[in-house]
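Keep the sequence and the 3D view open while reading.

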Amino acid sequence: MKAQPVQKEGPRVNREIDSPQVQLITDTGDNKGVVSIGEALALAEEAGLDLVEISPHNKPPVCKILDYGKYKYQAQKKAAEARKKQKTIEIKEIKMRPNIDTHDYEVKIKAARRFFEEGDKVKVTLRFRGREMAHQDLGMKLLLRVRDELGEIAKVEYEPRLEGRQMIMVLAPR
């Protein structure tokens with residue numbers, strides 16, 4: 001069995017380019033047109049820069065004369081900037097009981113508002129214990145009250161539903 005050649009990350013550079021002819025763009029941005037690979041490498045050598053394959057899928061492939069180290073550095077910076085701007089949405093959970101006190105309820109709602117301001121989703125979990133299971137209507141009323149109170153800043157992603165001994169509703173920021 002013959003070993004597969006190792007695929008390199010990024011564009012091919014200088015002698016790695018195996019096409020006999022390339023569309024050449026100089027370091028100043030001028031389009032030289034279709035030239036042989038030897039002539040392109042000679043021009044890159046003369047300029048003291050690298051020949052980098054920019055668009056390998058074209059016929060012939062497009063190559064540009066540039067400083068490959070600088071090109072890689074700028075690509076790395078661009079990728080890091082894109083990662084920095086990315087916001088991961090988390091699901092924060094707020095747990096309640098059906099007979100929650102008014103002050104405790106207000107604290108939970110305040111926390112939910114803060115989560116929405118941060119751009120996170122909120123999962124409201126209502127836990128039933130013992131005989132509370134007989135009063136699921138109270139739990140449903142509580143979750144509907146939460147939904148109405150947060151209605152202007154959040155939309156319901158999952159309607160309140162019973163799963164075992166807990167009632168769950170997921171809200172997402174508007």
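Arginine 147 is partly exposed, because its relative accessibility is 27%. The model is predicted. Arginine 147 forms a salt bridge with glutamate 159, and the closest N and O atoms are 3.5 Å apart.

The structure holds 11 salt bridges. In another of them, arginine 113 pairs with glutamate 152, with 3.3 Å between the closest N and O atoms. Here arginine 113 sits in helix H3 (residues 102-117), while glutamate 152 belongs to the loop between helix H4 (136-149) and strand S7 (154-163); the two are 39 residues apart. Arginine 113 is partly exposed at 28%, whereas glutamate 152 is exposed at 52%.

A network of salt bridges links Arg12, Asp18 and Glu53. Within it, the closest N and O atoms of arginine 12 and aspartate 18 are 3.0 Å apart. Aspartate 18 is exposed, with a relative accessible area of 60%.

What about the strands? Strand S4 (residues 62-66) has 4 of its 5 residues buried, so it is largely enclosed by the rest of the structure. Strand S1 (residues 21-25) pairs with S4 in the parallel sense over 3 bridges, and leucine 24 stands opposite cysteine 63. Strand S3 (residues 50-55) runs antiparallel to S4, joined by 5 bridges, with valine 52 partnered by lysine 64. S3 and S4 form a hairpin with 6 residues between them.

Methods: Residues are numbered from 1 along each chain as its sequence is written. This is a predicted model: local features need pLDDT of at least 70, side-chain atom pairs count only at pLDDT 80 or more; totals for chains, interfaces and linings use all residues. Side-chain values use heavy atoms; hydrogens and water are left out. Buried means under 20% relative accessible area, exposed over 50%, partly exposed in between (1.4 Å probe, protein chains only). Two strands pair if DSSP finds at least two bridges between them. A salt bridge is a side-chain nitrogen of Lys or Arg within 4 Å of a carboxyl oxygen of Asp or Glu.
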